[in-house]
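Hello,

Here is the structure for your files. My notes on what was found in it follow below.

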Amino acid sequence: MRLWGLVFGLLMTLALAVPVAAQERAMIVLDASGSMWGQIDGKTKIEIARETLGDVLKAVPADEELGLMVYGHRRKGDCKDIELAVPASKGTAGKIAAFANQISPKGKTPLSAAVKQAAQALRFTEDKATVILVTDGLETCEMDPCALGRELEKAGVNFTTHVVGFGLSKEEGAKVACLAKETGGEYMQAGSAAALSEALAKTVVAKAAPEPEPEPEPAPVPEPAKPEFNFIGTASLSEGGPALDEKGMRWELRPMDAAGKVQKKSAASGYGAQYEASVPAGQYELQTRLGKIIITRKLTLSDDETNMTNVVFNAGIVDVTARRTPGGEVEKKIRVGVENGAFKAGTYGTGQFYVPAGKVMLDGRLGKATSSQSFDLTAGERVQKDVIVGSGVVVVTALYAEGGPEVETKSIRYSVQENKKNLQGKRKEIAGTYGSSPMEIPVGEYVVGARLDKVTVLMSQPIEVKAGERTDVQVVLDAGVGAITAPGARRISLLGKKNLQGKGKEIAGTYGGEWTLTLPVGEYLVHVTYEGDRAPQETVMKIAAGERTEITLE
């Protein structure tokens, strides 16, 4: 609830108490449960109750009999925490105010039991009596307010209960209103100026003839109203164009000193299609950001008028969609870049960009496949552009020999090369990978190669890569695996065919006593050397396609 609603509600309660007390003995039952520590605009409800109660009690005549009963102010969780703070008698206004000032809300809301005890304290079965209940909550101690109202009405001589809902909602108020209605009293919703006016008309005015109204004072000349905001910003893409409806637009006002230097700390900032701010009068730099476009300008703001500023970005909107083929599915792997002079932005797959008006470059990239286009963008225009990057996927596998087995090691490297050789007779590699990972390849003709240990092959038959398609290629290595064991060896070498001098050129070598590698089909001389004066050993190893050859030199 709002502060004024609470204050009005309590005023209505006390206004109701005053006239009732003028006719018979009355008791105010005041809610002091833990919820009274709730804050309204930075001030607790119990503070509001104390101050308002003190002010209103000053108007109670000294010969009126009025008392105070309080609940929930001494113990937590105790439904019996009800105290007759001030018995009903004449001249009790000061005592009631003093007691209210020392209340510290703590407990539950036994409102029904408190009303019943108040009625008994007023000897309601013998004399005319009135109870005024002020509550900011509903019953929490398992009693039925409606049943209590019927009980008190039946037993009382001329008993009435009035209930003031201290900020209760309409639905909550209906649950306690019956306590008043069953005894012929009234339930009042304390939440607005209109409710206060009605309560005063029905109670205070009814107690006595009104005093003569004083002569009206001349109406004061109103001062010019200060605007709620001294800056309101809007934005558009083009001069005279419609206002932008972009909630992600950022606004920032930074003060400038006497020398015109912009301060680092902003005076106000926020997001929205329209931005409103109230800052001290002075010179400011306004920075407005839309996507990656930033516009700055200087402003002079005053305290007594609103500066209405429209920022024109001189830009358009570009919606991009990346595909491998025209009309194909959106490809989220394609990187799209948008440029216009110093402006640069990018995304993957699809995106929307605010772009400065002018010549716009639109690029797409997927692996080594690229595309580029340009177009003119006018301020306020929105265009849809497809970025087509003609790329296919190549997946290579390998066999040791025709018909198998398959090469499963991830140490094998595959490459896709241009089919056409350059002047030096070499081909340019487009992509390479270890293991059978997919490779993004531009549309065209290519040859596929593979390398594993000492085996290198290049397919003679080219492949054709098509946009948006997968090409599976199988390479035959025509190779086998050699496994050499030579305990105590210093170095193992593979030698080729011996020359006329009886020496063979080393094809490959390793240090240690074990060695496994893939080799092209053929015959190899295994040469093993040892530490010290132990004589070298040699043996011939024959490699067959798709087979494993194991030799041991003791």
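**Notes on the model**

Just after helix H4, Arg123 takes a positive phi of about 55°. Helices (H or I, at least four residues) and strands (E, at least two) are DSSP runs, numbered from the N terminus. This is a predicted model, in which local features need pLDDT of at least 70 and side-chain atom pairs count only at pLDDT 80 or more, while totals for chains, interfaces and linings use all residues. Residues are numbered from 1 along each chain as its sequence is written, and side-chain values use heavy atoms, with hydrogens and water left out.

**Whole chain**

The chain has 8 helices and 37 strands. Its radius of gyration is 47 Å, whereas a compact globule of 554 residues would have one near 24 Å; the radius is taken over C-alpha atoms, and the globule rule is 2.2 Å times the number of residues to the power 0.38. The C-alpha trace spans about 140 × 65 × 50 Å along its principal axes.

Of the 554 residues, 45% are buried (buried is under 20% relative accessible area, exposed over 50%, partly exposed in between, with a 1.4 Å probe and protein chains only). Among contacts (heavy atoms within 4.5 Å) with a separation of 6 or more, 63% are between residues 24 or more positions apart.

The 66 positive and 70 negative charges have mean positions 8 Å apart. Lys and Arg count as positive and Asp and Glu as negative, with His and the chain ends not counted; the place of a charge is NZ of Lys, CZ of Arg, CG of Asp or CD of Glu.

**Glu139 and helix H4**

Helix H4 covers residues 111-121, and its buried residues include Leu111 and Ser112. Glu139 sits in the loop between strand S6 (128-135) and helix H5 (145-155). Because its relative accessible area is 17%, Glu139 counts as buried.

Two polar pairs involve this side chain. A polar contact is a pair of N or O atoms within 3.5 Å; within protein, one must be able to donate a hydrogen and the other to accept it, and residues adjacent in sequence count only if both atoms are side-chain atoms. Glu139 makes such a contact with the side chain of Ser112 at 2.8 Å, and its side chain reaches the backbone nitrogen of Leu111 at 3.4 Å. Val481 is 342 residues from Glu139 in sequence and 89 Å from it in space, C-alpha to C-alpha.

**Ser236**

Ser236 belongs to strand S9 (residues 231-236). Its relative accessibility is 1%, so Ser236 is buried. The side chains of Ser236 and Asn310 form a polar contact of 3.2 Å. Beyond four places in sequence, the residues touched by Ser236 include Val311, Val312 and Phe313.

**Backbone points to check off**

Most residues other than glycine have a negative phi, and most peptide bonds are trans. The peptide bond between Gly404 and Pro405 is cis, with omega about 0°. Pro405 is in the loop between strand S23 (391-399) and strand S24 (413-418).

Asp453 is not a glycine but has a positive phi of about 55°; it lies in the loop between strand S27 (444-452) and strand S28 (455-458). Asp478 also has a positive phi, near 55°, and is in the loop between strand S30 (470-476) and strand S31 (479-485). Asp453 counts as partly exposed because its relative accessibility is 45%, and Asp478 is partly exposed at 45%.

Regards
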